[in-house]
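Hi everyone, thanks for making time.

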Amino acid sequence: MSEIVPETQQPAAVWAERYTGALMNTFGPPQRVLVRGEGAWVWDADGGRYLDLLAGIAVNSLGHAHPTLVSAVSAQLGTLGHVSNFFATPTQVHLAERLLEVVSPGGAPAGSRVFLANSGTEAMEAAFKLARRHGEGTRPRVLALEGAFHGRTMGALALTHKAAYRDPFAPLPGGVEHLPFGDVDALAAAMDDDVAALVLEPLQGEAGVRPLPPGYLAAARELTSRHGALLVLDEVQTGMGRTGRWMAHHHDHVGGGVVPDLVVLAKGLAGGLPIGAVVALGEHAATLLGPGQHGSTFGGNPVASAAALATMHVIERDGLLTAVTERGRQLSGGVTATGHPLVAGVRGEGLLLAIMLTDPVAPQVAQAALAAGYIVNPVAPDAVRLAPPFILSHEQAAGFLADLPAVLDAVGGAA
């Protein structure tokens with residue numbers, strides 16, 4: 001076996017070359033090779049420091065190397081690292097109970113249950129199968145929206161709208177129809193008694209952080225209830241505090257008090273460890289899958305479950321839902337206040353925001369930001385996504401806002 005050389009002794013160019021030689025080209029060349037993180041900061045192999053305003057795409061809610069999270073994971077791994085789902089663990093049970101509490105703060109309906117998985121796309125597969133079971137062969141249609149992103153496995157991909165993701169893998173599971181985004185009339189026209197489920201994101205993250213119009217979710221709940229279809233909310237990116245409430249649909253102006261049938265979670269759930277969940281609200285949705293009809297080897301893993309419990313504990317203990325709201329307002333207001341000609345506005349909620357641009361230069365903005373020491377994401381040609389850790393400080397946010405005009409000027413000068 002070859003000697004393992006410490007990361008600090010190999011420059012980023014060497015790691016990038018090794019990456020290209022060892023990993024499939026599914027993500028393109030890495031922008032940087034990161035070797036260490038602390039709080040909202042990360043460092044690359046060449047010693048460069050960056051303020052992480054993306055948090056692993058809305059994953060690292062507590063930032064990097066949070067001591068409580070590290071302690072919880074270490075303690076659990078030192079006690080019991082993995083068992084199959086032939087057995088239960090206390091952390092698995094405790095996590096399911098806590099998820100029922102935070103998804104339904106007024107009390108989960110009787111019979112509600114949780115399925116634990118490894119990722120958002122795997123959780124969406126479970127939700128798709130639940131919809132099929134609900135249909136029982138008489139409800140072949142599943143509705144989603146234009147602009148939707150629900151994952152890249154085959155079932156989740158069928159729900160995803162973007163042709164570039166879908167077309168290379170056709171034929172996909174059938175029966176999925178994509179409706180115009182935010183159009184209640186189109187939804188009403190499409191809804192019928194042959195629809196098994198309607199799948200929605202309260203804010204479409206990958207489409208440029210697009211919130212559903214006020215009242216849309218309430219109309220969706222009324223229509224699905226009237227026609228006997230499941231209402232499935234994909235809160236993979238928006239859930240677990242990302243918008244300043246535990247769930248994005250908990251905001252009155254977003255959800256209007258609706259209670260969905262299924263809520264799909266992942267990303268920020270365990271602060272960086274791989275996990276996903278489907279929360280089924282009500283006995284009908286919770287009992288659609290029986291033994292042998294679905295599974296996950298790593299689902300409910302005690303280490304990932306311990307990480308999720310620790311993440312939720314820190315969010316509550318440190319008042320991070322309030323912090324998310326405050327930092328989100330600071331960022332949104334500060335970006336708008338720049339008055340820069342490239343800034344068309346800001347949309348989103350809490351710490352899931354998009355800087356809207358007047359020109360389709362988001363990739364150039366992201367590169368200029370990286371050169372200035374900030375990690376952001378060009379989520380659309382004219383939109384730059386911000387999804388920083390919840391522990392981002394007022395001073396860190398202010399530093400980014402102070403440097404943003406120069407970042408935008410660099411792009412303008414190059415255009």
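**A sheet, a helix and a histidine**

Let's begin with two strands: β14, residues 352-357, and β17, residues 383-386, run antiparallel and are joined by 4 bridges. Within that pair, Met356 sits opposite Ala383 of β17. Do keep in mind that this is a predicted model.

Now zoom out to the sheet. It is open, with 4 strands in the order β13-β14-β17-β16 and antiparallel pairing. Which strands stand at the edges? Those are β13 and β16 (377-380); each has a single partner strand, so one side of each has no neighbour in the sheet. From one strand to the next, the twist averages 30°. Helix α14, residues 362-371, packs on this sheet and touches β14, β16 and β17. Its direction makes about 170° with that of β16.

Next, please find His340, in the loop between α13 (320-337) and β13 (343-349). Is His340 buried or exposed? Its relative accessibility is 11%, so His340 counts as buried. Leaving out residues up to four places away in sequence, His340 touches Pro405, Leu408 and Asp409. With Asp409 there is a side-chain to side-chain polar contact at 2.7 Å. Pro405 is 65 residues away along the chain, yet the two C-alpha atoms are separated by 6.8 Å.

Last stop, helix α9, residues 216-227. Just after α9, Gly228 takes a positive phi of about 75°.

Conventions. Residues are numbered from 1 along each chain as its sequence is written. This is a predicted model: local features need pLDDT of at least 70, side-chain atom pairs count only at pLDDT 80 or more; totals for chains, interfaces and linings use all residues. Side-chain values use heavy atoms; hydrogens and water are left out. Buried means under 20% relative accessible area, exposed over 50%, partly exposed in between (1.4 Å probe, protein chains only). Contact means heavy atoms within 4.5 Å. A polar contact is a pair of N or O atoms within 3.5 Å; within protein, one must be able to donate a hydrogen and the other to accept it, and residues adjacent in sequence count only if both atoms are side-chain atoms. Two strands pair if DSSP finds at least two bridges between them. Axes are lines fitted to C-alpha atoms, for helices over the stretch in contact, and angles run from 0 to 180 degrees between N-to-C directions.
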